[in-house]
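Student: I have a structure to go through before the afternoon. Could you take me through it step by step?

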Amino acid sequence: MDRRHFLASLSSPLLASCDFERGKPVLEGKLLGPDMALGHKLRDNKFAAATQTQRLPIAIIGGGIGGLSAAWRLLKRGITDFKIFELEAEPGGNSRSGASGTIAHPWGAHYLPFPTVESVNVRAILADLGVLLGDPSAIAPRYDERYVVGVPQERLYVDGLWQESVLPKIGASKRDFEQYKRFDELVERYRRLRGADGAKAFALPSALSSKQADIRALDGQTLRDFLLSQGLDSPRLHWYADYGCRDDYGAHAHHISAWAGLHYHASRDALATDADARSVLTWPQGNGWLVQQLSAWIKQRAPDAFAPQSPCVRLETAASYADIDIYNAPQDRLTRYRADQVIWAAPAQVLAHVWANSPAGLREAATQMEVSPWLVANLTLDSLPIDAGPVGLSWDNVLYDSPALGYVVATHQNIAIGPGPTVLTYYWPIDNEPVPAARKRLYDTDWKVWADAIIAELSRPHPGLREQLQHIDIWRWPHAMARPVPGFLTAPIRGLLAGLTRPLSFAHADLTGFSLFEEATYAGVRAADFAK
Amino acid sequence: MRPALLFSVFVVASCGLAYELIAAALSSYVLGDSITQFSTVIGTYLFAMGIGSWLSKFIDKGLTARFVQIELMVGVVGGFSAVILFMVFAHFTEPFRLVLYGLVFTTGVLVGLEIPLIMRILKNEVEFKDLVAQVLSFDYLGALAVSILFPVVLAPHIGLMRTSLLFGLMNVAVALWAMRLFRATIGGGRWLLAQGAIAFVLLLAGFGFADKLTILAEEGIYADQILYAESTPYQRIVLTRWRDDIRLFLNGNLQFATRDEYRYHEALVHPALATLPGARRVLILGGGDGLAAREVLKYPNIESITLVDLDARMTTLFRTNHLLSAMNKGSLSSPKLHVVNSDALIWLERNPEPFDLAIVDFPDPSNYSLGKLYSSAFYRLLEKHLSDQGVMVIQSTSPFYARRSFWCIVNTLEDAGLKTAPYHAYVPSFGEWGYVIASRRDYVLPAKIPVPVRYVTPETMKTMFDFPADMSRIPAEVNRLNNQVLVRYFEEDWRRVMK
């Protein structure tokens with residue numbers, strides 16, 4: 001079952017159980033995520049037949065980054081007669097965001113690395129939104145300073161102390177440092193490597209990477225095995241590799257393809273004027289800001305394009321058109337559209353589920369995809385978290401040896417001096433057990449258990465956290481992102497999705513197997529270009 | 001036995017007066033108006049002593065044991081009085097007076113019990129007329145000793161907190177000594193001894209840890225008398241006075257001294273405002289003391305001033321306290337002035353109003369939060385709030401002590417697309433201080449300052465805009481949100497000065 005089918009159009013707030021310990025005020029919060037009832041309704045696909053059929057030149061299914069990028073591309077081409085059908089009340093997909101009081105915060109993706117020269121369309125979108133200033137094709141474009149992550153950028157809590165940067169230095173031995181250096185050199189080599197076809201070994205978007213066989217052969221093993229084969233066995237280096245994989249793919253390095261794991265490190269070679277290349281673009285609400293701005297940009301040019309709370313529940317293709325059944329959830333009504341072109345910007349597993357006459361093998365190929373479950377919590381504090389030591393609170397605060405990743409500070413980008421409430425966005429890929437068990441736990445565990453676990457974990461670096469905490473809202477992502485496991489590059493699903501052109505083209509990041517903004521934009525623009 | 005008891009009268013009397021003086025001095029430091037403080041504290045104390053004397057008649061049995069216990073209580077209550085008052089003052093503003101008079105009253109009652117009890121203990125040994133004469137003369141002698149020692153030695157050299165703890169220890173010592181003297185008749189000996197030991201240890205510990213208490217540290221930082229101190233949600237405000245010079249410290253950093261603040265504020269306001277005869281609207285960011293506003297209000301053409309300061313306590317204090325509002329000439333009560341207690345940036349983002357002059361008087365960029373207010377992003381935003389002719393002026397730390405920091409601010413303003421006119425002024429309390437005027441056009445020196453001033457004139461201004469070799473421009477990076485170089489420069493520059 002797919003995330004989009006499970007994520008509800010309406011959140012399901014469950015009031016927290018009481019917390020009377022030590023006379024503290026009761027801590028409250030919401031458990032957000034899938035609406036089981038709608039999820040089951042969509043899965044069982046029991047809908048009355050559509051009462052009417054309407055003509056529609058272009059239908060975009062899904063309002064995540066893929067769908068929004070496709071809409072952006074259509075508008076750039078002067079095409080305005082399309083609709084975006086989105087399951088949720090708000091667009092955004094994995095980049096969705098929320099707010100606690102007046103403080104905006106992410107619910108998913110929270111940053112964008114400086115786009116590479118190859119990410120032409122990401123750069124063009126950023127220029128349209130006023131993030132990238134000047135020439136989008138410059139080697140090192142200039143970005144609006146307010147959107148470049150402020151210092152201090154990141155720190156790591158390791159062995160009871162905070163250190164600058166995420167690579168663990170505290171407690172690292174000489175041998176660890178040697179291996180860091182070798183890993184760095186290895187990544188640098190891959191960053192510069194080009195295949196015989198002239199393409200970068202690891203390009204972003206990944207579809208532009210070299211097809212050279214020996215480079216792609218890295219996809220045959222896990223990142224962990226690859227590192228070991230290179231004589232890199234430092235536990236701290238492996239933690240770092242795990243961190244990268246968990247951050248982007250929601251799974252440890254022993255699950256992730258070495259090609260994908262190296263891609264994370266080697267593909268990001270973009271430069272920026274007046275900013276460190278390792279900086280990123282970020283906003284209080286994370287990539288939700290981009291969603292809001294891009295949606296507004298689209299609405300301005302195609303005011304009626306958005307159809308929220310409208311999942312596609314059935315799809316049937318013919319030679320020159322496709323019929324899609326759209327379920328209007330609030331009105332409990334089904335409408336059939338006959339579209340000249342369907343741009344499918346929802347996950348591949350949803351497509352396989354609703355496509356009545358899908359090509360042979362699609363359903364099976366989609367089932368084989370592994371999808372990571374995640375948990376994201378937003379903790380509202382009455383003031384900035386307090387900790388000892390000289391390394392100050394940073395934007396990204398990572399915990400070494402933690403089941404979770406750490407937290408980002410939603411108010412970090414604010415240029416405000418006053419103390420005041422803040423929101424910490426806590427990221428937790430549930431990857432210490434097989435996916436079905438993890439997903440079941442995600443569904444079955446109640447708010448209190450998650451909240452207690454999060455408080456316990458964050459109280460390690462911040463012993464006074466509980467006193468500052470006002471509430472915790474938790475979002476469950478049962479199907480957060482595709483896992484690029486070994487063999488994903490050549491998995492049957494890749495060929496099937498890439499082969500879709502007309503009347504249905506595929507615009508979701510599942511096209512290439514990475515849940516990244518750049519990949520979704522690549523897929524969205526590509527799919528939009530199949531429309532007449 | 002008799003000389004010993006008479007000596008203890010001397011000690012007890014000196015302790016009693018010491019607590020009274022400590023309470024009066026402390027409340028004058030903190031609340032100001034020493035005449036009222038001394039008068040009410042002494043009055044309350046004497047009145048309470050009267051009540052204590054009257055109450056003494058209800059003590060019938062075990063006179064010596066009661067005397068010992070009262071001594072212990074005086075020792076603990078009086079001994080910790082300064083600590084308690086400082087703590088209450090530092091952490092809770094409201095109940096200070098209540099606690100003050102409560103403590104004064106309690107100590108007074110206990111001290112009032114002492115002399116009658118001693119007289120009754122001695123009454124069988126001495127004839128009444130000798131008893132009265134001796135006890136009372138030692139009582140007054142003790143008072144004399146402390147009244148001389150307190151201002152000369154104790155308050156200036158030992159400090160109020162230690163002095164009070166020291167006298168507490170003396171009270172307890174008298175009690176212990178009395179226990180020893182009357183060990184034959186006193187009764188309940190072991191329990192009483194335990195009480196004495198506990199009191200002694202408590203006071204000794206207080207004495208030992210006195211240094212650790214924040215207030216003592218503050219007394220060390222602020223050499224002068226503390227007029228006012230308050231921790232607001234945003235900062236610690238401390239006002240000190242030495243003779244006529246009042247100084248404001250925010251989080252321990254000197255903000256101004258009355259002796260020469262006019263130099264700082266004239267230099268901040270007039271070089272820019274004197275060039276803007278048509279200016280009507282002025283924005284002041286920071287500057288909750290109202291001193292920059294005072295200078296601005298000298299110009300009749302100014303119709304409105306918007307003062308944005310985060311801390312409502314600052315602006316309220318400088319509006320309502322007569323000492324402080326005299327200093328800013330009531331600028332914060334001016335009908336032309338509109339106070340906004342908000343974060344400057346949040347306010348700027350929400351209000352599109354244009355201004356003819358924006359005065360930026362933020363604290364120095366000593367941390368990342370403050371460093372953001374000196375960033376190119378901030379100046380770009382502020383620039384959008386300038387009218388067509390609009391000008392901004394930025395207090396920019398010292399070009400002498402923090403030379404790289406100063407020129408970093410100049411570079412940052414230029415990076416934000418503004419033309420700059422850096423200048424400096426000599427403010428004795430601070431040393432050489434720097435400012436930058438920035439606007440869309442070139443700055444031209446005004447021919448005259450059209451309002452009364454004491455320091456900034458067209459003649460002095462010529463030297464203000466000239467930078468001698470030891471302060472002249474040096475290379476520095478642009479301060480951006482994503483590098484915050486200014487905070488690093490500032491730290492390095494001042495560390496070098498402090499060495």
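This is a predicted model: local features need pLDDT of at least 70, side-chain atom pairs count only at pLDDT 80 or more; totals for chains, interfaces and linings use all residues.

Student: How many helices and strands does chain A have?

Tutor: Chain A contains 17 helices and 21 strands.

Student: And what radius of gyration does chain A have?

Tutor: The value for chain A is 23 Å. A compact globule of 532 residues would have a radius of gyration near 24 Å, so the two agree. Along its principal axes, the C-alpha trace of chain A spans about 65 × 65 × 45 Å.

Student: What share of the residues in chain A is buried?

Tutor: Of the 532 residues in chain A, 60% are buried. The accessible surface of the chain comes to about 19,900 Å², and carbon and sulfur atoms contribute 53% of that area.

Student: What about charge: how many positive and negative side chains are there in chain A?

Tutor: There are 54 positive and 58 negative side chains in chain A, and the centres of the two sets lie 4 Å apart.

Student: Turning to the sheet of eight strands in chain A, what is the strand order?

Tutor: The order is β1-β20-β16-β19-β18-β17-β9-β10, in an open sheet with mixed pairing. Its edge strands are β1 (31-32) and β10 (161-164) of chain A, each of which pairs on one side only.

Student: In what sense do β17 and β18 of chain A pair, parallel or antiparallel?

Tutor: Strand β17 (residues 396-399) and strand β18 (residues 406-409) of chain A are paired in the antiparallel sense, over three bridges. Within β18(A), A:Gly406 stands opposite A:Val398.

Student: Which residues is A:Ser95 in contact with, leaving aside its neighbours within four places in sequence?

Tutor: With those neighbours set aside, A:Ser95 is in contact with A:Ile65, A:Ala109, A:Asn287, A:Gly288 and A:Val291.

Student: Now chain B. How many residues of α16(B) are buried, and which?

Tutor: Six of the eight residues of helix α16 (residues 376-383) of chain B are buried. They are B:Ser376, B:Ala377, B:Phe378, B:Tyr379, B:Leu381 and B:Leu382.

Student: What covers them?

Tutor: The cover over the buried residues of α16(B) includes β5 (281-286), α14 (344-350), β8 (355-361), β9 (386-395) and α17 (403-415) of chain B.

Methods. Residues are numbered from 1 along each chain as its sequence is written. Chains are lettered from A and ligands numbered from 1 in the order in which they are written. Side-chain values use heavy atoms; hydrogens and water are left out. Helices (H or I, at least four residues) and strands (E, at least two) are DSSP runs, numbered from the N terminus. The radius of gyration is taken over C-alpha atoms; the globule rule is 2.2 Å times the number of residues to the power 0.38. Buried means under 20% relative accessible area, exposed over 50%, partly exposed in between (1.4 Å probe, protein chains only). Accessible areas come from the Shrake-Rupley method with a 1.4 Å probe; for residues, only the protein chains shown count as cover. Lys and Arg count as positive and Asp and Glu as negative; His and the chain ends are not counted. The place of a charge is taken as NZ of Lys, CZ of Arg, CG of Asp or CD of Glu. Two strands pair if DSSP finds at least two bridges between them. Contact means heavy atoms within 4.5 Å.
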